[in-house]
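Please open the structure in your viewer and keep the selection tool at hand.

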Amino acid sequence: MTDVMSTQGQFPGAGGESERTRRLRSLGLNEPTADEAFDRFAHLAASITRAPIAMVNFINDERQMFRGLYIPPTSGETTAEIGASWADRGIAFDLPTREMPLSHGFCPHVVAQRSPLALDDILAYPRFAGNPVVDELGVRAYLGAPLVDDTNTVIGTVCVLDREPRQWGRERLRDIQHLAEALLSEIRLRDNLLAQQQEMFAAFDGSPFPIMLTDGPGQEIRYANARHADTFGAPTAYGSVGMAYPQLGAAGLDRVVAEAYHTGRTTVLNDVRVQSVRPDAQRIQQIFSFTCTPLRSARTGQVNGVVTVGMDVTAQSRTEEELGTLAALLVDRLQQNGAGRPGLGGGETGPLLPG
């Protein structure tokens with residue numbers, strides 16, 4: 001039997017991206033950032049199995065990413081539902097970041113073998129006893145199940161750990177497999193939502209208006225359609241509005257987008273003057289009006305992003321400017337002819353009005 005550390009086809013690394021990594025990227029799960037839903041799921045896994053540590057672990061070609069993580073609180077913070085016995089064990093699971101090399105732990109083995117793994121006492125298994133997590137983190141027991149998605153790709157694991165040997169038994173093994181199935185339902189829902197978003201983005205790409213989607217309180221740019229990129233330039237992936245588009249930031253668009261996000265109300269920014277960024281075009285000034293509309297989660301109703309649509313009002317503004325200029329000239333001419341004052345005197349003549 002081979003394990004993940006020696007299975008080059010499973011983790012090709014620099015030699016070529018695996019289907020697993022491509023799949024994680026398409027699901028938006030290829031970064032080691034915390035995810036509230038997965039954190040809750042890890043807490044559930046710890047509660048059901050009565051284990052002190054639990055993870056939802058996604059594994060790409062280079063690293064393990066703990067998008068969901070539960071570590072018990074300190075002794076003074078231990079809640080009644082978890083039980084004070086965990087804190088009494090003196091658990092101090094030191095994990096400064098939500099990622100780990102492929103050489104550490106046992107989840108890569110589960111992914112490579114596509115099957116659950118139960119280790120009651122890791123030191124009793126010579127093959128696993130020398131793993132770095134045994135000495136570095138004090139892990140002595142492990143139980144994990146693979147996450148096999150609808151494309152038959154193993155994208156990660158759900159697992160629980162203990163720093164003491166323990167008998168997991170068939171019941172706990174069955175529990176962890178059921179948890180993996182439940183977690184896949186959450187991932188399937190996300191996949192469906194992403195597919196719908198891709199359809200929406202395809203429709204946006206054909207729009208004649210610049211459209212941009214920003215995500216989260218930091219207003220990081222998640223998407224910009226072709227017209228937006230053609231007009232203002234291609235955005236920096238996951239950069240903020242002000243950083244990606246200095247002209248728009250200077251005009252206050254980042255402030256208006258943030259206002260829409262925090263208030264939950266549509267905001268508008270008018271008379272934004274920008275220079276064309278197209279290399280094949282003359283550097284002409286264009287005038288835009290932006291409408292920023294908050295996007296809400298279908299499940300929670302909370303604002304989680306903002307869609308910003310721009311409209312080129314240059315022609316309209318020029319017409320208004322031309323009318324304003326003409327009106328000013330007329331007023332000046334009338335004033336010069338003495339018709340700009342009310343109550344014209346006896347010998348003075350003014351413009352003749354019809355009727």
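Select cysteine 159 and cysteine 107, and display their sulfur atoms. In this predicted model, the cysteine sulfur closest to that of cysteine 159 belongs to cysteine 107, at 3.6 Å. Why is no bond assigned between these two sulfurs? The distance of 3.6 Å is too far for a bond, because a disulfide requires the pair of sulfur atoms to lie within 2.5 Å. A search of the whole structure likewise finds zero disulfides.

Is cysteine 159 buried or exposed? Cysteine 159 is buried, and its relative accessible area is 1%. Next, select cysteine 292, which is also buried, with a relative accessible area of 0%.

Now move to methionine 311. This residue lies in strand β11, which covers residues 303-312. Methionine 311 is partly exposed, as its relative accessible area is 43%.

How many helices and strands does the chain contain? There are twelve helices and eleven strands. Of the 355 residues in the chain, 43% are buried. Among contacts with a separation of 6 or more, 58% are between residues 24 or more positions apart. With the surface displayed again, the accessible area of the chain comes to about 19,000 Å², and carbon and sulfur atoms account for 52% of that surface.

Definitions and conventions. Residues numbered from 1 in each chain as written. Predicted model: local features only at pLDDT ≥ 70, side-chain atom pairs only at ≥ 80, totals over all residues. Heavy atoms only, no water. Helix = DSSP H or I, 4+ residues; strand = E, 2+ residues; numbered from the N terminus. Buried < 20%, exposed > 50% of the residue type's maximum accessible area, 1.4 Å probe, protein only. Contact = heavy atoms within 4.5 Å. Areas by Shrake-Rupley, 256 points an atom, 1.4 Å probe, with all protein chains shown as cover.
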